[in-house]
Amino acid sequence: MEYRICADSSADVINLKKVPFGLASLTIRTKDKEFKDDENLDVEEMVNYLSHYHEKSSTACPSAHDWIVAFGGAKYVFAISITSGLSGSFNSLALAKKIYEEENPDFKVHIIDSLSTGPKMKLMINKLEELILNNLSFDEIINEIEAYKNSTDLIFMLESMNNLANNGRVNKLVAKAVGLLGIKVIGKASNDGRLEVTDKKRGINMAINSIMDKLSKLKYNGKKILIGHCLNFDLANQIKNKVIEIYKQAEVEIYALRGLCSFYAEKGGLIIGFETA
Ligand code: X90
């Protein structure tokens, strides 16, 4: 097969069963440790380490070189990055495409700025895999995946926004209110791929209601929905049950976020990707 799917590690995908896959890892850094977000990372250990660590920490996106290595010499590549609104990963990817196609004039790379992260990227990668297995042409796949990007969405629920605020990804004032005990912030990916906080709720039940309300307002189509969690399977499972109760055809999958998303979503956080009507 000449097709390959590539993604940076914010997509929470390590490998695919039926189509070749290339991973471009982000890294998480503290003063004395560096965590590469690849298949060898013990995410739970990292999150527990970070919960006791209160000095400076940051992340770094893959370089163009990292992306080219992920392309793996394949002739036709579909590569998807975390939102360009929050990371330099898409810029690196665009440069990687330019170099790769210049060096190999009959190779093609289609690049996608997901304008999101985690579970929405994972949905798009699963769709790409399906399109490739259905023997669609390169151009047909481009059309289909761009349409799918517009018919998927992303919401989140966070118990802390410290890492987002300390790394300049959200306003410090917004982040402050979240740190209060029991307050959960709920929001969505904005159209330009940044965090848009819509609700602040106290307690689990209020938070779940707000999430269910958001799913309906954003026109969840009642089919595929992925719930990524950072050490919070219980809440993910409560939401899964609520979704199944209301949407009988729902295909719900729960999974543990990988390194990059866990660093920013922090302990307890959820990121939910879903299809829209
Ligand atoms: O380039 C880098 O170092 C990576 C920077 C990533 C920054 C933010 C990641 C946020 C992940 C937060 C909830 C989901 C929000 C999605 C909004 C588009 C987790």
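Visitor: Is Lys184 buried or exposed?
Guide: In this predicted model, Lys184 is found in strand β9. Its relative accessible area is 8%, and the limit for a buried residue is under 20%. Lys184 is therefore classed as buried.

Visitor: With which side chain does Lys184 make a polar contact?
Guide: The contact in question joins two side chains at 3.1 Å. The pair also counts as a salt bridge, with 3.1 Å from N to O. The partner of Lys184 is Glu159.

Visitor: How many residues apart in sequence are the parts that Glu159 and Lys184 tie together?
Guide: The side chains of Glu159 and Lys184 meet in a salt bridge. Glu159 lies in the loop between β8 (152-158) and α6 (162-166), whereas Lys184 belongs to strand β9 (residues 183-189). The pair therefore ties together parts whose separation in sequence is 25 residues.

Visitor: Which class of accessibility does Glu159 have?
Guide: The relative accessible area of Glu159 is 29%. Buried requires under 20% and exposed over 50%, with a further class in between. Glu159 is therefore partly exposed.

Visitor: How many salt bridges are there?
Guide: A pair counts when a side-chain nitrogen of Lys or Arg is within 4 Å of a carboxyl oxygen of Asp or Glu. Glu159 with Lys184, at 3.1 Å, is one of these pairs. By this rule the count is eight.

Visitor: How far apart are the closest N and O atoms of Glu101 and Lys97?
Guide: Both residues lie in helix α3 (residues 89-103), with a spacing of four residues, or about one turn of the helix. Glu101 is partly exposed at 22% relative accessible area, and Lys97 is partly exposed at 24%. Glu101 and Lys97 form a salt bridge in which the closest N and O atoms are separated by 3.0 Å.

Visitor: How far apart in space are Leu133 and Ile271?
Guide: Leu133 is also found in helix α4, and at 38% relative accessibility this residue counts as partly exposed. Along the sequence, Leu133 and Ile271 are 138 residues apart. From C-alpha to C-alpha, their separation in space is 28 Å.

Visitor: How many nonpolar residues are in the shell around the ligand?
Guide: There are 20 residues around the ligand, and among those that come nearest are Leu86 and Arg169. Five residues of the shell are polar and two are charged. The nonpolar residues number 13.

Visitor: What share of the ligand's area does the protein bury?
Guide: A polar side-chain atom of Thr59 is 2.6 Å from an oxygen atom of the ligand. In the side chain of Ser87, an N or O atom lies 2.7 Å from a ligand oxygen atom. Taken alone, the ligand exposes 560 Å², of which the protein buries 98%.

Visitor: Which backbone nitrogen does the side chain of Asn171 reach?
Guide: Asn171 is found in the loop between α6 and α7 (172-178). With a relative accessible area of 46%, Asn171 is partly exposed. At 2.8 Å, its side chain reaches the backbone nitrogen of Leu173.

Visitor: What is the phi of Asn135?
Guide: Most residues other than glycine have a negative phi. Asn135 lies in the loop between α4 and α5 (138-150) and counts as exposed at 69% relative accessibility. Although Asn135 is not a glycine, its phi is positive, at about 65°.

Visitor: Is Glu266 buried or exposed?
Guide: Glu266, which is not a glycine, has a positive phi of about 60°. This residue is found in the loop between α10 (259-265) and β13 (270-276). With a relative accessible area of 14%, Glu266 is buried.

Note on methods:
Residues are numbered from 1 along each chain as its sequence is written. This is a predicted model: local features need pLDDT of at least 70, side-chain atom pairs count only at pLDDT 80 or more; totals for chains, interfaces and linings use all residues. Side-chain values use heavy atoms; hydrogens and water are left out. Helices (H or I, at least four residues) and strands (E, at least two) are DSSP runs, numbered from the N terminus. Buried means under 20% relative accessible area, exposed over 50%, partly exposed in between (1.4 Å probe, protein chains only). A residue is near a molecule or strand if one of its heavy atoms lies within 4 Å of it. A polar contact is a pair of N or O atoms within 3.5 Å; within protein, one must be able to donate a hydrogen and the other to accept it, and residues adjacent in sequence count only if both atoms are side-chain atoms. Accessible areas come from the Shrake-Rupley method with a 1.4 Å probe; for residues, only the protein chains shown count as cover. Ala, Val, Leu, Ile, Met, Phe, Trp, Tyr, Cys and Pro count as nonpolar, Asp, Glu, Lys and Arg as charged, and the others, Gly among them, as polar.
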